[in-house]
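These are my notebook entries on a structure that I went through step by step.

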Amino acid sequence: ILFIQKHQVPIASFGVLIGGGGLNDPPDRPGLSHLSTSMLVEGTSSRSGETIAGDMEALGAHLSREVYRECSLMSSETLLDHWPKGLEIIADVVRNPTFPNGELERVRKERISAIQSVADSPNSIAQRASRALLYGPDSPYGHPVSGNVSSMQQITRKELVENYNIV
């Protein structure tokens, strides 16, 4: 758990590092960790995705998710008085995700759209191509952490759960 308090303003930034990142993706499933992390906020054993979003909004906060090669990060920034509640929500999201089937298709479509938008960014295209050329496209360092359209279309809920339970 990372906790950073800003004494100049009444804001607390905090986050939880999750051990799994893109390096954990199987060669035929690039983006599995990214999709898994994206799904964390869609529901827990005690909160629906709508409840999570509503609870964070009531705190004036937002849950951020980042996926790197070595790890993932779930973080937030709240008013100082609200950080314990925000951390409680993040802990629930990280410890008790349910990966609801009903939300999977919506999130999958969002991820595919984001992947397709890479074609509009020469910098993103170059970044993907250089990693693939340098490390090999099937290497844990060569595949895009965000995955590709083919992989996103094939990932199952079972794979999401298994991947998350490994980390």
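**Entry 1: a pair of strands**

I began with Val67, and I found that its bridge partner in S4 is Ser72. Before going on I noted that this is a predicted model, in which local features need pLDDT of at least 70 and side-chain atom pairs count only at pLDDT 80 or more, while totals for chains, interfaces and linings use all residues. I also noted that residues are numbered from 1 along each chain as its sequence is written, and that side-chain values use heavy atoms, with hydrogens and water left out.

I then looked up the two strands as a whole: strand S3 (residues 64-67) and strand S4 (residues 72-79) pair in the antiparallel sense, over four bridges. Two strands are said to pair if DSSP finds at least two bridges between them. With four residues between them, S3 and S4 form a hairpin.

**Entry 2: the whole protein**

I listed the elements next, and the protein has seven helices and four strands. Here helices (H or I, at least four residues) and strands (E, at least two) are DSSP runs, numbered from the N terminus. Read from the N terminus on, the order is β-β-α-α-β-β-α-α-α-α-α. The radius of gyration is 17 Å, close to the 15 Å that the globule rule gives for 167 residues, so the protein is as compact as a globular protein of that length. This radius is taken over C-alpha atoms, and the globule rule is 2.2 Å times the number of residues to the power 0.38.

I wrote down that the C-alpha atoms fill a box of roughly 50 × 35 × 30 Å along the principal axes. Of the 167 residues, 42% are buried, where buried means under 20% relative accessible area, exposed over 50%, and partly exposed in between (1.4 Å probe, protein chains only).

**Entry 3: aromatic pairs**

How many aromatic pairs does the count come to? I found three, using the rule that rings of Phe, Tyr and Trp (its six-membered ring) pair if their centres lie within 6.5 Å, with planes under 30 degrees apart counted as stacked, over 60 as edge-to-face and the rest as tilted. One of them is the edge-to-face pair of Phe99 and Tyr164, at 5.7 Å centre to centre and with 65° between the planes. Phe99 lies in the loop between helix H3 (83-95) and helix H4 (101-117) and Tyr164 in helix H7 (residues 157-166), so this pair ties together parts that are 65 residues apart in sequence. Phe99 is buried, because its relative accessible area is 3%, and Tyr164 is buried too, at 11%.

Another is the tilted pair of Tyr135 and Tyr141, 5.6 Å centre to centre with 40° between the planes. Tyr135 is partly exposed at 43%, and Tyr141 is partly exposed at 35%.

**Entry 4: a surface patch**

I stayed with Tyr141, which I located in the loop between H5 and helix H6 (149-154). Together with Leu134 and Tyr135, Tyr141 makes a nonpolar surface patch of about 330 Å². Leu134 is part of helix H5 (residues 122-135) and counts as exposed, because its relative accessibility is 63%.

For the term itself I noted that patches are made of residues with over 30% relative accessible area and no salt bridge, like charges being joined within 9 Å and nonpolar side chains (Val, Leu, Ile, Met, Phe, Trp, Tyr) within 5 Å. The areas come from the Shrake-Rupley method with a 1.4 Å probe, and for residues only the protein chains shown count as cover.

**Entry 5: salt bridges**

I counted 11 salt bridges, each being a side-chain nitrogen of Lys or Arg within 4 Å of a carboxyl oxygen of Asp or Glu. In helix H4, Glu103 and Arg106 lie three residues apart, about one turn of the helix, and their side chains meet in a salt bridge at 2.8 Å, N to O. Arg106 also forms a salt bridge with Glu110, with the closest N and O atoms 2.8 Å apart. Salt bridges that share partners also join Arg47, Asp55, Lys85, Glu88 and Asp92 into one network.

Which of its two partners is buried, and which partly exposed? Arg47 is buried at 11%, whereas Asp55 is partly exposed at 25%.
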